[in-house]
Amino acid sequence: MSEKLTSAAREAALEALAGSGWVLQADRDALTKTFKFASFVDAFGWMTRMAIVAEKMNHHPEWFNVYNRVDVTLTTHDAGGLSALDVTLAERMDAAA
């Protein structure tokens with residue numbers, strides 16, 4: 001089980017991820033970002049690659065896909081909010097996009 005980030009760690013993570021478009025969701029302790037790709041195939045291919053990463057991490061995103069757009073929400077349910085797993089998965093998603 002992953003632990004919820006401390007206030008200082010949470011602020012540092014949010015600051016580091018803000019430059020790549022991640023924002024804190026207004027109604028819960030979760031990160032959110034919309035990824036846009038050239039096509040549906042590109043979006044779905046990225047989701048497939050990220051599904052493998054998420055499975056290896058045993059940490060699965062909430063996501064929604066329409067054509068070339070993928071809306072992602074990251075939070076750690078068993079920790080009750082953001083954890084280091086969310087930050088790591090966000091960084092890996094950005095690197096692969």
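## A buried lysine and a ring cluster

Lys33 counts as buried, because its relative accessibility of 12% falls under the 20% cut-off. Keep in mind as you browse that this is a predicted model.

**Lys33 and its surroundings**

- Lys33 sits in strand β2, which covers residues 31–36.
- Which side chain does the side chain of Lys33 meet in a polar contact? The partner is the side chain of Asp94, at 2.6 Å.
- Leaving aside residues up to four places away in sequence, Lys33 touches Ser20, Gly21 and Trp22, then Val70, Asp71 and Val72, and also Asp94.

**Aromatic pairs**

- The count of aromatic pairs comes to 6.
- Phe35 and Trp46 make a tilted pair, because their planes stand at 35 degrees, with the ring centres 4.6 Å apart.
- This pair links distant parts of the chain, 11 residues apart: Phe35 belongs to strand β2, while Trp46 belongs to helix α2 (residues 40–57).
- Trp46 also forms a tilted aromatic pair with Phe37, at 5.3 Å centre to centre and with 40 degrees between the planes.
- Ring pairs join Trp22, Phe35, Phe37, Trp46 and Trp63 into a cluster. One of these residues, Trp22, is also touched by Lys33.

**Burial of the ring residues**

- Are Phe35, Phe37 and Trp46 buried or exposed? Phe35 is buried at 4% relative accessibility, and Phe37 is buried at 13%.
- Trp46 has a relative accessible area of 0%, so Trp46 counts as buried too.

- Strand β3 (residues 62–66) and strand β4 (residues 69–74) run antiparallel and are joined by 5 bridges.
- Where does Trp63 find its bridge partner? The partner is Val72, in β4. Trp63 is also a member of the ring cluster, and Val72 is among the residues that Lys33 touches.
- β3 and β4 form a hairpin with 2 residues between them. In the turn, Tyr67 has a positive phi of about 45 degrees.

Terms used: Residues numbered from 1 in each chain as written. Predicted model: local features only at pLDDT ≥ 70, side-chain atom pairs only at ≥ 80, totals over all residues. Heavy atoms only, no water. Helix = DSSP H or I, 4+ residues; strand = E, 2+ residues; numbered from the N terminus. Buried < 20%, exposed > 50% of the residue type's maximum accessible area, 1.4 Å probe, protein only. Polar contact = N/O pair within 3.5 Å; in protein donor to acceptor, adjacent residues only side chain to side chain. Contact = heavy atoms within 4.5 Å. Phe/Tyr/Trp six-rings, centres within 6.5 Å; stacked < 30°, edge-to-face > 60°. Pairing = 2+ DSSP bridges.
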